[in-house]
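Me: Could you walk me through reading burial, salt bridges and helix packing in a structure like this one?

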Amino acid sequence: MEPRHATAAVVGAGDFIGAAIAKKFASEGFTVFAGRRKGEKLTPLVAEIEAAGGHVVGRSLDARKEEEITTFLQDADAAAPLEVCIFNVGANVNFPLLETTERVFRKVWEMACYAGFLSGREAARLMLPRGRGNIFFTGATAGLRGGVGYAAFASAKFGLRAVAQSAARELGPHNIHVAHLIIDAGVDTDWVRERIREREGEAALANLAPGRLMRPQSVAEAYWQLYQEPRDAWSFEREIRPFAEKW
């Protein structure tokens with residue numbers, strides 16, 4: 001592992017995708033700043049990265065609060081120049097339209113869209129003076145088409161995609177790569193497995209077809225591939241899905 005004098009910040013370092021991203025970039029020599037709502041849940045991730053010889057800082061972070069995002073990214077940049085910022089906050093909920101409360105709609109937008117705007121803006125503020133950097137956003141199929149029960153989630157993800165696209169057009173000429181990664185699949189997480197159990201039963205969960213779920217490590221690898229793209233062939237948007245996914 002070749003150490004780099006650079007930091008990768010993961011906003012939304014949950015147990016699955018976020019943790020996989022943090023481990024991947026730490027294994028490539030980055031100092032990783034990992035943030036999530038309940039910072040104490042980062043203890044196992046920090047221990048695993050450090051045991052492998054990596055450098056990581058775990059922080060409690062509410063990405064909807066401007067001052068917390070600002071401090072988190074400034075601290076990351078102070079540790080080593082902020083080279084990569086990945087926004088990976090979830091917020092996937094499903095409610096029939098008439099059961100979607102004002103609070104749910106607003107909270108989902110704050111988590112999946114507004115927090116993404118704050119993260120992208122503050123990362124850009126740190127990267128622009130150096131004329132380099134990478135800002136990546138985790139998107140979803142819901143950001144391309146609304147589905148039954150997804151009025152809140154889809155509208156937030158549509159908004160996040162618009163934020164990312166606007167930022168890409170503005171920041172690209174300044175040598176800052178902005179990209180939006182669409183995950184068109186269920187990711188192999190406890191939450192997704194529980195939903196399969198509820199909808200299809202224990203037998204379906206025990207006999208998942210190969211390729212039905214995407215491994216978090218594969219998402220992390222896709223982000224690493226985005227980071228490695230040459231600047232004369234940057235992509236703004238990538239869609240990834242398992243080989244068996246119908247689309």
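Reply: Happy to. Let's begin with a cut-off: a residue is buried under 20% relative accessible area, exposed over 50%, and partly exposed in between. Keep in mind that this is a predicted model.

Me: Thanks! And which residue does E110 meet in a salt bridge?

Reply: The general idea is that side chains of opposite charge can pair when their charged atoms come close. Here the partner of E110 is R64, with an N to O distance of 3.5 Å. This pair links distant parts of the chain: R64 sits in the loop between strand 3 (55-60) and helix 3 (66-79), while E110 belongs to helix 4, 46 residues apart. Both also take part in a network of salt bridges that includes R37 and D62.

Me: How many salt bridges does a search of the whole structure find?

Reply: The search finds 19. One of them joins E221 and K24, whose closest N and O atoms are 3.4 Å apart. That pair also links distant parts of the chain, since E221 is in helix 8 (residues 216-228) and K24 in helix 1 (residues 17-27), 197 residues apart. On accessibility, E221 is partly exposed because its value is 31%, whereas K24 is buried at 18%.

Me: Where do R125 and E122 lie?

Reply: First, the general idea: an α-helix has 3.6 residues a turn, so residues three or four places apart point the same way. In this structure, R125 and E122 both lie in helix 4, three residues apart, about one turn of the helix. They form a salt bridge, with closest N and O atoms 3.0 Å apart. R125 is partly exposed at 49%, and E122 is buried with a relative accessible area of 6%.

Me: How far apart are the end C-alpha atoms of helix 5, and what span should its residues give?

Reply: The expected span is 1.5 Å times one less than the number of residues. Helix 5 (residues 151-171) has 21 residues and should therefore span 30 Å; its end C-alpha atoms are 30 Å apart, which agrees.

Me: Which elements do the buried residues of helix 5 pack against?

Reply: They pack against strand 4 (82-87), helix 4 (102-127), strand 5 (133-140) and strand 6 (176-183). Among the buried residues of helix 5 are F153, K157, L160 and L171.

Technical notes
Residues are numbered from 1 along each chain as its sequence is written. This is a predicted model: local features need pLDDT of at least 70, side-chain atom pairs count only at pLDDT 80 or more; totals for chains, interfaces and linings use all residues. Side-chain values use heavy atoms; hydrogens and water are left out. Helices (H or I, at least four residues) and strands (E, at least two) are DSSP runs, numbered from the N terminus. Buried means under 20% relative accessible area, exposed over 50%, partly exposed in between (1.4 Å probe, protein chains only). Contact means heavy atoms within 4.5 Å. A salt bridge is a side-chain nitrogen of Lys or Arg within 4 Å of a carboxyl oxygen of Asp or Glu.
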